[in-house]
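Open the model in your viewer and keep the selection tool at hand. The stops below say what to select and what is there.

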Amino acid sequence: MGSLLLRKGLVVFQFVVSCCLIIGTAVLYRQLDYMQTQDLGMNLEQLLVVQGPSITSDDQGERVQVFKEALDRLPFVEQYSASHSVPSGGYNFFAAGFTSLHPAPGDEKKSYAMAIVDGNYFDTYGITLAAGQPFTPEMVQRGWQGNHLILNEKAAQALGFEPAATAVGQRILWGDGDYEIQGVIKDYHHASLRQPIDPIIFLPNPSSGYFTLRMTTHNLPAKLAQIAQQFGDIFPAEPFDYFFLDEQFDQQYRSEQQFGQVFTAASALAIFIACLGLFGLAAYAAEARTKEVGIRKVFGATVQNVVLLLSKDFLKLVALALVLSVPLTWYAADRWLQDFTYRTEIHWWLFALTGALALGIALVTVSFHAIKAALANPVQSLRDE
């Protein structure tokens with residue numbers, strides 16, 4: 001009796017682990033899918049990013065301008081931008097000390113992400129201007145000394161402008177200078193969805209850190225070769241390094257992708273081990289109830305009746321495992337999702353689907369011995385007894 005209870009306990013434990021892993025895997029992949037399909041506030045498709053020159057020279061500004069003119073002549077390049085930072089690649093720096101002309105106490109301590117871009121940045125990335133205008137070529141050429149900047153909505157609100165669009169044309173203070181707000185862009189996800197959108201301040205500059213190209217992708221190898229040739233002619237000492245921004249952005253979720261693969265493998269292994277235990281327990285039960293099955297068949301029990309008789313006790317064990325696993329998994333998944341500012345919901349149907357899957361696997365596992373016992377000759381069973 002004690003041995004049988006131990007076997008049942010192990011089966012329940014194994015299916016608790018299996019159900020937890022199945023639900024955990026489903027939640028993980030739902031969160032990954034949520035992050036990869038969420039509207040980022042920009043368009044990353046067909047964006048090629050070319051790493052700018054790393055070696056400075058006296059004529060670097062002229063070379064950068066020549067490269068931009070070369071991009072202008074390429075018919076498959078629809079838009080391009082030069083910047084010192086790109087989405088998923090961090091910011092140029094963080095700074096505090098920005099205040100409106102009528103600041104609230106503590107405004108000078110607020111920190112802002114700083115991004116250095118040219119006038120084509122927002123159009124190239126498909127980032128929407130909520131109000132105002134992008135940087136003009138003259139502002140970009142003058143750089144920071146032109147005393148113009150652009151804010152995202154978070155930064156405008158942090159500076160006290162409500163609604164954010166009212167910030168356009170206003171002046172803010174930073175250090176010894178004052179700056180006019182040229183425009184306000186709608187918030188977009190510069191980094192992954194693990195973290196909230198930062199208040200960002202954009203400064204104009206004829207940048208050369210990254211060249212972002214929006215281009216058609218038909219016959220891509222030939223187009224890349226043309227860009228590489230132009231880059232090599234203008235920057236002969238520099239390697240031609242590039243990446244596609246949508247792929248780079250998804251790289252931020254590599255840890256979740258790896259966890260998903262590990263969880264999937266662990267779930268399959270746990271289910272296999274649980275089924276082995278259930279298979280053995282079913283064989284033991286079928287053997288122990290041989291005489292009972294024979295008597296029931298003599299009195300008219302059908303194959304379905306016998307299968308149900310031998311299966312229901314095991315299905316109860318799996319159902320108990322599911323009941324025990326639901327609160328454990330919900331708690332663990334909810335705690336894990338707390339690490340993400342933008343996250344999916346834990347839906348009840350995940351547990352229902354897992355329960356149906358577990359019960360189905362259990363039923364298939366025990367059915368082999370149940371059907372074998374149900375089809376056995378009752379006369380032979382009773383004679384053996």
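Select Thr-344 and the residues it touches: leaving out those up to four places away in sequence, these are Arg-30, Gln-31, Tyr-34 and Leu-337. Contact here means heavy atoms within 4.5 Å. Thr-344 sits in the loop between α10 (303–337) and α11 (348–375). Helices (H or I, at least four residues) and strands (E, at least two) are DSSP runs, numbered from the N terminus. Draw the distance between the side chains of Thr-344 and Arg-30: they make a polar contact at 3.3 Å. A polar contact is a pair of N or O atoms within 3.5 Å; within protein, one must be able to donate a hydrogen and the other to accept it, and residues adjacent in sequence count only if both atoms are side-chain atoms. Thr-344 counts as buried because its relative accessibility is 10%; buried means under 20% relative accessible area, exposed over 50%, and partly exposed in between (1.4 Å probe, protein chains only).

The model is predicted: local features need pLDDT of at least 70, side-chain atom pairs count only at pLDDT 80 or more, and totals for chains, interfaces and linings use all residues. Residues are numbered from 1 along each chain as its sequence is written, and side-chain values use heavy atoms, with hydrogens and water left out.

Now zoom out to the whole protein. There are 12 helices and 12 strands, and 44% of the 385 residues count as buried. Among contacts with a separation of 6 or more, 81% are between residues 24 or more positions apart. The accessible surface is about 19,500 Å², with 58% of it belonging to carbon and sulfur atoms; the areas come from the Shrake-Rupley method with a 1.4 Å probe, and for residues only the protein chains shown count as cover.

Next, select Ala-270, in helix α8 (residues 254–288). Which residues does Ala-270 contact, leaving aside its neighbours within four places in sequence? They are Val-17, Ser-18 and Leu-21. Ala-270 and Ser-18 are 252 residues apart in sequence, yet their C-alpha atoms are 5.3 Å apart in space. Ala-270 is buried, at 12% relative accessibility.

Go to helix α6 (residues 220–234) and look down its axis. Lys-223, Leu-224, Ile-227, Phe-231 and Ile-234 are its buried residues. They fall within an arc of 100°, so they line one face of α6; the arc is that of the directions from the helix axis to the C-beta atoms. An α-helix has 3.6 residues a turn, so residues three or four places apart point the same way. Turned away from the buried side of α6 are the exposed residues Pro-221, Gln-229 and Asp-233. Show β1 (47–51), α2 (60–73), β11 (210–215) and β12 (242–244) as well: the buried residues of α6 pack against these.

Move on to α2. Its buried residues are Gln-60, Val-64, Phe-67, Lys-68, Ala-70 and Leu-71. Seen down the axis of α2, they fall within an arc of 155° and so line one face. Gly-61, Glu-62, Asp-72 and Arg-73 are exposed on the other side of α2. The cover over the buried residues of α2 includes β2 (77–83), β11 and α6.

Colour the aromatic rings next. The structure holds 16 aromatic pairs; rings of Phe, Tyr and Trp (its six-membered ring) pair if their centres lie within 6.5 Å, and planes under 30 degrees apart count as stacked, over 60 as edge-to-face and the rest as tilted. Tyr-91 and Phe-94 are edge-to-face, since their planes stand at 80° with the ring centres 5.5 Å apart. Phe-122 and Phe-202 also form an edge-to-face pair, at 5.1 Å centre to centre and 80° between the planes. Phe-122 is in helix α3 (residues 121–125) and Phe-202 in strand β10 (residues 200–204), so this pair ties together parts 80 residues apart in sequence. Phe-122 is buried at 2% relative accessibility, and Phe-202 at 0%. For a cluster, select Phe-67, Phe-211, Phe-231, Phe-235, Phe-240, Tyr-242 and Phe-244 together.

Finish at Ser-88, in the loop between β2 and β3 (93–95). Ser-88 is buried, with a relative accessible area of 17%. Beyond residues up to four places away in sequence, Ser-88 touches His-190, Leu-245, Gln-248, Phe-249 and Gln-252.
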